[in-house]
Amino acid sequence: MFVSMTPLAIETRQLSYSFDQKRKAVNDLSLQVPANSIYGFLGPNGAGKTTTIRLLAGMLPSDGDRIFLQGKSLKKSLPHIFESIGCLIETPSLYGHLTAIENLKVISILRGLPTANIHRVLDVVGLSRAARKKVKHFSLGMKQRLGIAMALLPDPQLLILDEPVNGLDPNGIIEVREMLIRINQQEGKTIFISSHLLNEIEKTCTHIGIINSGVLRYQGTLDQMKNTAYASGEVVFKIPDADNRLPAVQEVFSTARRQSRDEIIFPFSNAGDVSTINSRLVTMNI
């Protein structure tokens, strides 16, 4: 288990949550998110990511004193703790008939924040030129960036974002990724991002936590994951007509073996082997 030696922006201690008695959506989750990091919370749909974020945001009740944000107990510090925390859970709620500036003014008034911050956050998320454009004419990526601008209004030290690139086209994903890296490096903010896209998490994050079926399977830096978590093991490739292709595959990879009618297992001894296996299969027209 990864143990951080730096101050933690987010910490949970054996956090659990159940919607019913059959299964725990979150099961003994102990997160350690270092301050000033970009932490990727990775897992397939239904793994428990959004439930965890709703617990962190105080939208679901936690059992006991198990959530600590920026060193403070969530349970003992509600609601003032969120004065220095920005959250975007799922898609942002926006008024399409209003401009970007007007949407941010609504949030500023509701939260009692100075409207002087509006132009600064629009500049941070790259929407200054679209400030007076009605949101109904925004692309999905622009709407996501405006949602992040809303989360930035109180100038928080911690940003919690639930699937911020979900549904975006490749250009939108790149725009959001570059923006988050810039916010982290230039503004010094800790960013906690949930996602089911490993490739995107690898390009964006400094630290990673992998959750599946409510259980934290791995936690640490990306380098640690690459060097230890996947240092050796087996990878399964789905290959049409695997039975007939297996002899040719075994001429190149003697340890390969059939798992099912359309799956072949390849043992590997280091992380680089997996890409080598994939490349060789491509040259074999597989």
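## Ser73 and its surroundings

A polar contact here is a pair of N or O atoms within 3.5 Å, where one must be able to donate a hydrogen and the other to accept it. With that in hand, take a look at Ser73 in this predicted model: a polar atom of its side chain lies 3.2 Å from the backbone nitrogen of Lys76.

Is Ser73 buried or exposed? Its relative accessibility is 8%, and buried means under 20%, so Ser73 counts as buried. If you skip the neighbours within four places in sequence, Ser73 is in contact with Asp65, Ile67, Phe68 and Ile81. As for secondary structure, Ser73 belongs to strand E7.

## The open sheet

Strand E7 brings us to an open sheet of four strands, ordered E4-E1-E6-E7, with antiparallel pairing. Strand E4 (32–34) and strand E7 (72–73) sit at the edges with a single partner strand each, so one side of each has no neighbour in the sheet.

Further in, strand E1 (residues 8–12) and strand E6 (residues 67–69) run antiparallel and are joined by three bridges. To find one of these on screen, go to Ile10, whose bridge partner in E6 is Leu69.

## Strand E11 and its partners

Now for strand E11 (residues 207–212), which is mostly covered, with five of its six residues buried. Strand E5 (residues 38–42) pairs with E11 in the parallel sense, over four bridges. There, Tyr39 has His207 of E11 as its bridge partner.

E11 also pairs with strand E12 (residues 215–221), this time running antiparallel, with six bridges between them. Ile210, for instance, has Tyr218 in E12 as its bridge partner. E11 and E12 make a hairpin with two residues between the strands, and Ser213 takes a positive phi near 55 degrees in that hairpin.

## The cavity

Which elements each supply at least two residues of its lining? They are helix H6 (170–187), strand E10 (190–195) and helix H7 (198–204). If you want to select the lining residues of the largest cavity, pick Pro164, Val165, Arg177, Leu180, Ile193, Ser194, Ser195, Glu200, Ile201, Thr204 and Cys205. Sorted by class, that lining comes out as six nonpolar, three polar and two charged residues.

Terms used
Residues are numbered from 1 along each chain as its sequence is written. This is a predicted model: local features need pLDDT of at least 70, side-chain atom pairs count only at pLDDT 80 or more; totals for chains, interfaces and linings use all residues. Side-chain values use heavy atoms; hydrogens and water are left out. Buried means under 20% relative accessible area, exposed over 50%, partly exposed in between (1.4 Å probe, protein chains only). Two strands pair if DSSP finds at least two bridges between them. On a 1 Å grid over the protein atoms alone, a cavity is a set of points where a 1.4 Å probe fits but cannot get out, and a pocket is an open set with protein on both sides within 12 Å along at least five of seven lines; lining residues have an atom within 4 Å of a point. Ala, Val, Leu, Ile, Met, Phe, Trp, Tyr, Cys and Pro count as nonpolar, Asp, Glu, Lys and Arg as charged, and the others, Gly among them, as polar. Contact means heavy atoms within 4.5 Å.
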